[in-house]
Amino acid sequence: SVFWSLTNSSDQIFVINILGDSANGILSACYKVPTLLTIVATLFTEAWQISAYTDGARAGRETFFSRVFGIYQSIMFMAAAGIVWLAKWLMLILGGRDFAEAWVYIPLFTFATVFNSLSNFLNSIYMTEKRSGLSLATMSVGAVLNLVLNGLLIPLWGIQGAAMATFVSYFVVFVLRAVNTRGLLRVNFSVGKMALNLAILTAESVIQVTSDGTAVLWTTLLTALMIALNFRSLWAMVRRLLRRRKKA
């Protein structure tokens with residue numbers, strides 16, 4: 001918990017001391033939009049953790065975790081694509097006109113939130129296998145990396161540097177846990193699908209931040225593509241739940 005708090009608060013500490021209070025106000029406003037994605041992740045995690053602590057054969061648990069992770073990443077990437085697509089309007093609604101221009105920082109913070117949520121999913125493997133020390137070790141790497149990158153990138157890129165530092169640190173934690181948990185439970189991460197999701201989200205973010213009036217068209221098409229790519233997994237879950245409800 002200390003390391004998570006350190007990672008989340010170090011951006012503001014560095015921004016205040018390097019860029020000043022006004023930049024910190026912009027940073028705080030930026031956090032409001034990715035928080036919507038955190039709400040989605042929390043809703044899923046609260047339901048998921050009840051099912052995670054189950055007995056059974058190792059192969060069965062691996063299949064179960066793999067299927068749930070596939071659904072989870074589909075939900076997270078679709079929600080992230082929607083947030084990036086609506087970034088300007090969401091920032092105007094949640095931050096007000098004074099912070100409307102801060103929407104350009106939202107895509108990277110959204111990336112960071114996605115991988116923070118995915119790494120939290122993998123934390124459930126440590127819990128079920130009673131290896132919580134590995135959770136501490138991997139998170140400590142992310143916290144230290146975040147501090148170092150904040151010191152290096154914020155003087156160069158300002159608030160965008162803080163966003164990049166947060167994204168990289170959460171991404172590294174996810175990769176460490178993805179590799180490390182293989183020795184505990186071999187989850188199929190659907191790497192190809194994740195890479196495609198990440199590529200679509202990256203393209204949407206770049207277009208949104210750098211393009212002119214054509215950005216709306218292209219980001220809309222990319223958001224639709226993201227939904228089309230991931231909807232099958234989500235619909236399969238809904239159908240399975242509906243069948244179980246009918247049996248009950």
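**Entry 1: the core**

I looked up the largest nonpolar core and found 58 residues in it. A nonpolar core here is a set of buried Ala, Val, Leu, Ile, Met, Phe, Trp, Tyr and Cys residues joined through side-chain atoms within 4.5 Å. Buried means under 20% relative accessible area, exposed means over 50%, and partly exposed is in between (1.4 Å probe, protein chains only). Phe69, Leu118 and Leu201 touch the most other members. I then checked which helices supply at least two residues each: α2 (21-32), α3 (34-52), α4, α5 (87-95), α6, α8, α9 and α10 (215-247). α4 gives the most, 13 residues. In soluble globular proteins, nonpolar side chains tend to be buried together.

I noted my ground rules. The model is predicted, so local features need pLDDT of at least 70 and side-chain atom pairs count only at pLDDT 80 or more, while totals for chains, interfaces and linings use all residues. Residues are numbered from 1 along each chain as its sequence is written, and side-chain values use heavy atoms, with hydrogens and water left out.

**Entry 2: the whole chain**

I read off 10 helices and zero strands. Helices (H or I, at least four residues) and strands (E, at least two) are DSSP runs, numbered from the N terminus. Of the 248 residues, 45% are buried. I also looked at contacts (heavy atoms within 4.5 Å). Among those with a separation of 6 or more, 79% join residues 24 or more positions apart.

**Entry 3: Phe69 and the rings**

What does Phe69 touch beyond its neighbours within four places in sequence? I found Leu118, Phe121, Phe174, Val187, Asn188, Phe189 and Met194.

Next I searched the whole structure for aromatic pairs and got 13. Rings of Phe, Tyr and Trp (its six-membered ring) pair if their centres lie within 6.5 Å; planes under 30 degrees apart are stacked, over 60 edge-to-face, and the rest tilted. Phe64 and Phe65 pair edge-to-face, at 6.3 Å centre to centre and 85° between the planes. Phe64 is partly exposed at 22%, whereas Phe65 is buried at 0%.

Phe69 and Phe189 have ring centres 5.2 Å apart and planes at 85°, so this pair is edge-to-face. Phe69 lies in helix α4 (residues 58-85) and Phe189 in the loop between α8 and α9, so the pair ties together parts that are 120 residues apart in sequence. Both Phe69 and Phe189 are buried. Ring pairs also link a cluster that includes Phe69, Tyr72, Phe111 and Phe189.

**Entry 4: Asp11**

I found Asp11 in helix α1 (residues 2-18). Asp11 is buried and has no salt bridge. A salt bridge needs a side-chain nitrogen of Lys or Arg within 4 Å of a carboxyl oxygen of Asp or Glu. The nearest side chain of opposite charge is Lys32, 16 Å away. For charge, Lys and Arg count as positive and Asp and Glu as negative; His and the chain ends are not counted.

Which side chain makes a polar contact with that of Asp11? I found Tyr31, at 3.1 Å. A polar contact is a pair of N or O atoms within 3.5 Å; within protein, one must be able to donate a hydrogen and the other to accept it, and residues adjacent in sequence count only if both atoms are side-chain atoms.

**Entry 5: positive phi**

Most residues other than glycine have a negative phi. I noted Lys130, with phi near 55°. Lys130 sits in the loop between α6 (106-128) and α7 (132-157) and is exposed at 74%. Ser190 has a phi of about 50°. Ser190 is in the loop between α8 (159-180) and α9 (191-210) and is partly exposed at 25%.
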